[in-house]
Amino acid sequence: MRLRSTWTDSRLDDLNGRVTEISNRLDGLSNRVDGLQHTMVHGFIALMAALITGFIGLAGLIVTQL
């Protein structure tokens with residue numbers, strides 16, 4: 001198989017289309033990862049709020065039993 005030394009306009013247009021398609025896919029993937037990251041941050045905040053509330057409640061029980 002011989003390599004081409006020149007590219008025709010149709011081949012360059014095809015390559016440009018493929019690169020654009022890959023770029024669009026990566027943008028969609030990036031949006032999905034951003035959404036997952038956003039959900040994880042909200043989950044972490046909710047978990048920390050629950051832990052802090054639990055510790056404060058436990059401390060309240062300990063103080064009232066003294």
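Guide: Glu21 is partly exposed, with a relative accessible area of 43%; this value, like the others given here, comes from a predicted model. The side chain of Glu21 takes part in a salt bridge with Arg25, in which the closest N and O atoms are 3.1 Å apart. Arg25, for its part, counts as exposed, at 58% relative accessibility. The two partners both belong to helix 1 and stand four residues apart, which amounts to about one turn of the helix.

The structure holds two salt bridges, and the other one joins Arg18 to Asp14. Here the closest N and O atoms are 3.5 Å apart. Because Arg18 and Asp14 are four residues apart in helix 1, which covers residues 9-65, about one helical turn separates them. Arg18 has a relative accessibility of 52% and therefore counts as exposed, the cut-off for that class being over 50%. Asp14, with a relative accessible area of 41%, is partly exposed.

These charged pairs may be set against the overall charge of the protein, which carries 6 positive and 6 negative side chains. The centres of the two sets lie 11 Å apart.

The segment before helix 1 includes Trp7. This tryptophan counts as partly exposed, at 46% relative accessibility. When neighbours within four places in sequence are left aside, Trp7 is in contact with Leu12 and Leu15. A separation along the chain can also be given for Trp7: its C-alpha atom is 66 Å from that of Thr53, a residue 46 places away in sequence.

The setting of these details is the fold as a whole. The protein contains one helix and zero strands. Its radius of gyration is 28 Å, well over the 11 Å that the globule rule gives for 66 residues, so the protein is more spread out than a compact globule. Along the principal axes, the C-alpha trace spans about 90 × 20 × 10 Å. Of the 66 residues, 0% count as buried, a class that requires a relative accessible area under 20%. The accessible surface of the protein comes to about 6400 Å², and carbon and sulfur atoms account for 65% of that area.

Note on methods
Residues numbered from 1 in each chain as written. Predicted model: local features only at pLDDT ≥ 70, side-chain atom pairs only at ≥ 80, totals over all residues. Heavy atoms only, no water. Helix = DSSP H or I, 4+ residues; strand = E, 2+ residues; numbered from the N terminus. Rg over C-alpha atoms; globule rule 2.2 N^0.38 Å. Buried < 20%, exposed > 50% of the residue type's maximum accessible area, 1.4 Å probe, protein only. Areas by Shrake-Rupley, 256 points an atom, 1.4 Å probe, with all protein chains shown as cover. Lys, Arg positive; Asp, Glu negative; His and termini not counted. Charge placed at Lys NZ, Arg CZ, Asp CG, Glu CD. Salt bridge = Lys/Arg side-chain N within 4 Å of Asp/Glu carboxyl O. Contact = heavy atoms within 4.5 Å.
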